[in-house]
Amino acid sequence: MNKDAIMKASGLLSAANKLIPKNPNKVVFYSNMGFRDNAKAIYDYMVSRDCSQYQIICAINDWEDFASRPHLDNVRFVSPKAGVKHFFTAKYFFFSFGKYPIKPSSKQVVINTTHGSPLKKIGNFLDDRDYNFFTYVLAASDFFAPIIQKSFGCRREQVKICGHPRNDALFVKNDALKQLGFEEGYDKVILWLPTFRQSDFLGQDDIKATEGTGLPILSNRKDMERVNERLKEQNCLMIAKIHPAQDLNLIDTKGFSNIKIVTNSRMQATQCNLYELLSHADALITDYSSVYFDYLLLDRPIGFTVDDMEEYQKNRGFVVDDPRELMPGNFINTPEEFLAFVDHLLNGRDDYKEKRQKVNRLVNKYEGGKDCERVLRIAGIAL
């Protein structure tokens, strides 16, 4: 279907949506990339409370996995295709990944919970498509409000300042390490979250994948072995959580005692929440992922692998002129600097605490822990 045909179909569906009555007690959650992140966090919050007055529909691509697990009687799991009819009749609709290109009725509340606070260009920073298929879209602070407004081509009043619902998990005690099968007793845990370099799902490259391990900086297996040996000496575990879009054929996942590779499929199979895992991390290593804005809430050290920043700026780009101003941590360009960051953590050296706190105040309006409650209040759902 070409662009004109898609726009015409979207217009017809949007017109029909205005005429269809809405069930004031129907809530729909949508995702076409696994039921996770902000939408899943809101769902988990609702079902942990008395939500019996609501009919909850989860229109998700992995619906069969969830349907086979125990769930409340008022919850149904359906495919995204089957979910269309529920969108038309629902008063409330939440999405993080994917969407129905149908304009919400004035009798609906459709909330785009987003993928997080963007550092990389998204939406209308990259193209001129219509992304405004919602009543409200979330932004974590006033700083991000105009960025979100431009990204999704919406009015300022559609942007609601609210912490990301997934962040609530950062503040709840959990057994994420045990769920993934890792032993307890490590002195330090580092979580490494590299942005995907080559995708077999999205059909695009942000940056060409490196040879060897398939990971940035430690692309040479010998460099990975050096870091692994240092971690082993200091009783430190580093978990490399691979991006869901990454082509796993490029990743060397074996042979390291203290560096463990975790895939998205393993996270889903063990029902491990990324943000629960993140709460166990004494330090984070990432690059241009929005996750570090969330991690700032914990005020712990962050290392940034930025060896390809110029190329990334040219190919994808950032929503600010100088992303370095928003990156309060060690810049890691070489295996030696990677090792240095690990050593600083193990030795208790923290040179960026003041800058972290300054950036956190800019990018996160709320301290975190009550973001699900806040977004439901925005939607008008009372529990």
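This is a predicted model: local features need pLDDT of at least 70, side-chain atom pairs count only at pLDDT 80 or more; totals for chains, interfaces and linings use all residues.

**Burial, rings and cores**

Visitor: Is Q158 buried or exposed?

Guide: The cut-off for a buried residue is a relative accessible area under 20%. Because the relative accessible area of Q158 is 4%, the residue is classed as buried.

Visitor: Within what arc do the buried residues of helix α5 fall?

Guide: Helix α5 spans residues 145-152, and its buried residues are A145, I147, I148, S151 and F152. Seen down the helix axis, these residues line one face of α5, because they fall within an arc of 160°.

Visitor: Which strands are included in what covers the buried residues of α5?

Guide: The helix is followed by G153, whose phi is positive, near 60°. The cover over the buried residues of α5 includes the strands β5 (109-112), β6 (136-139) and β7 (159-161).

Visitor: What is the angle between the planes of W192 and F338?

Guide: A search of the whole structure finds 25 aromatic pairs. One of them is formed by W192 and F338, with a distance of 5.1 Å centre to centre. The pair links distant parts of the chain, since W192 is in strand β8 (residues 188-193) and F338 is in helix α12 (residues 335-346), 146 residues apart. Both W192 and F338 are buried, and their edge-to-face arrangement has an angle between the planes of 65°.

Visitor: How many residues apart are Y288 and F318?

Guide: Y288 and F318 form an edge-to-face pair, 5.3 Å centre to centre and with 70° between the planes. Y288 is in the loop between β11 (283-286) and α10 (291-295), F318 is in the loop between α11 (309-315) and β13 (330-332), and the two are 30 residues apart.

Visitor: What is the distance from the charged end of R374 to the ring centre of Y366?

Guide: R36 lies over the face of F97, at 4.1 Å from the ring centre. The charged end of R374 sits over the ring of Y366, and its distance from the centre is 3.7 Å.

Visitor: How many residues has the largest nonpolar core?

Guide: L119, I239, L277, L278, L284 and Y292 have the most contacts inside this core. Leaving aside neighbours within four places in sequence, L119 is in contact with residues including Y288, Y292 and F318. A second, separate core of 28 residues includes M46, C58, F77 and L138. The largest nonpolar core has 66 residues.

Visitor: Which residue is joined to R356 by a polar contact of the side chains?

Guide: R356 is in helix α13 (residues 353-363) and is buried, with a relative accessible area of 2%. Not counting residues up to four places away in sequence, R356 touches L296, D299, R300, P301, I302, P328 and D350. The side-chain polar contact of R356, at 2.9 Å, is with D350.

Note on methods: Residues are numbered from 1 along each chain as its sequence is written. Side-chain values use heavy atoms; hydrogens and water are left out. Buried means under 20% relative accessible area, exposed over 50%, partly exposed in between (1.4 Å probe, protein chains only). Helices (H or I, at least four residues) and strands (E, at least two) are DSSP runs, numbered from the N terminus. The arc is that of the directions from the helix axis to the C-beta atoms. Contact means heavy atoms within 4.5 Å. Rings of Phe, Tyr and Trp (its six-membered ring) pair if their centres lie within 6.5 Å; planes under 30 degrees apart count as stacked, over 60 as edge-to-face and the rest as tilted. A charge sits over a ring if NZ of Lys or CZ of Arg is within 6 Å of the ring centre and within 35 degrees of the ring normal. A nonpolar core is a set of buried Ala, Val, Leu, Ile, Met, Phe, Trp, Tyr and Cys residues joined through side-chain atoms within 4.5 Å. A polar contact is a pair of N or O atoms within 3.5 Å; within protein, one must be able to donate a hydrogen and the other to accept it, and residues adjacent in sequence count only if both atoms are side-chain atoms.
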